[in-house]
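Please consult the sequence and the coordinates alongside the text.

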Amino acid sequence: MIVQDHPHFCNMPEDMRYYRPENFGEGFIEKSMVFLLPERLKKFRRNLWHVRRNPGDDAVYMPLFRVNCILPSDPAPVGLQGPCDVYPFYTRTTKTRSRELDYYVLFIFRDRMSWMRCRTLLERS
């Protein structure tokens with residue numbers, strides 16, 4: 001996988017959780033979700049992004065928008081249910097009527113040092 005303009009990326013940890021509305025509205029459902037980032041990853045909350053595969057045969061993904069994150073020490077978001085486990089929620093493929101959509105939530109980095117620090121913390125989980 002290649003993330004456009006970001007040479008380094010990491011997957012979400014297994015202990016990641018999220019809050020969700022009771023009913024998802026129209027459009028991209030992750031815009032209404034709030035992700036609960038483990039405390040050890042708090043320095044990387046601005047690096048967590050939704051990415052989408054570009055059309056075509058190449059496996060090039062582009063950042064869509066930054067994930068809305070909170071930490072366990074923050075108050076729970078009002079009006080949302082949870083926290084829920086990220087997996088198995090993110091093991092299913094999003095589909096529309098005509099095609100499958102290839103979306104991911106990734107920590108993305110331009111510099112190698114930040115990527116290495118994040119990767120080390122993710123391996124501790």
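**Aromatic contacts in the predicted model**

Tyr61 is a buried residue, with a relative accessible area of 4%. The model is predicted, and a search of the whole structure finds three aromatic pairs.

**Phe44 and Phe109**

- The ring centres of Phe44 and Phe109 lie 5.8 Å apart with the planes at 85 degrees, so this pair is edge-to-face.
- Phe44 belongs to the loop between strand E4 (34–36) and strand E5 (48–53), while Phe109 belongs to strand E11 (residues 103–109); the pair therefore ties together parts 65 residues apart in sequence.
- Phe44 counts as buried, at 5% relative accessibility.
- Phe109 is likewise buried, its relative accessible area being 1%.

**Tyr61 and Tyr104**

- The rings of Tyr61 and Tyr104 have a centre distance of 5.5 Å and planes at 70 degrees, and the pair is therefore edge-to-face, given that planes over 60 degrees apart count as such.
- Because Tyr61 lies in strand E6 (residues 60–66) and Tyr104 in strand E11, the pair ties together parts that are 43 residues apart in sequence.
- Tyr104 is partly exposed, with a relative accessible area of 35%, whereas Tyr61 is buried at 4%.

Key
Residues are numbered from 1 along each chain as its sequence is written. This is a predicted model: local features need pLDDT of at least 70, side-chain atom pairs count only at pLDDT 80 or more; totals for chains, interfaces and linings use all residues. Side-chain values use heavy atoms; hydrogens and water are left out. Rings of Phe, Tyr and Trp (its six-membered ring) pair if their centres lie within 6.5 Å; planes under 30 degrees apart count as stacked, over 60 as edge-to-face and the rest as tilted. Helices (H or I, at least four residues) and strands (E, at least two) are DSSP runs, numbered from the N terminus. Buried means under 20% relative accessible area, exposed over 50%, partly exposed in between (1.4 Å probe, protein chains only).
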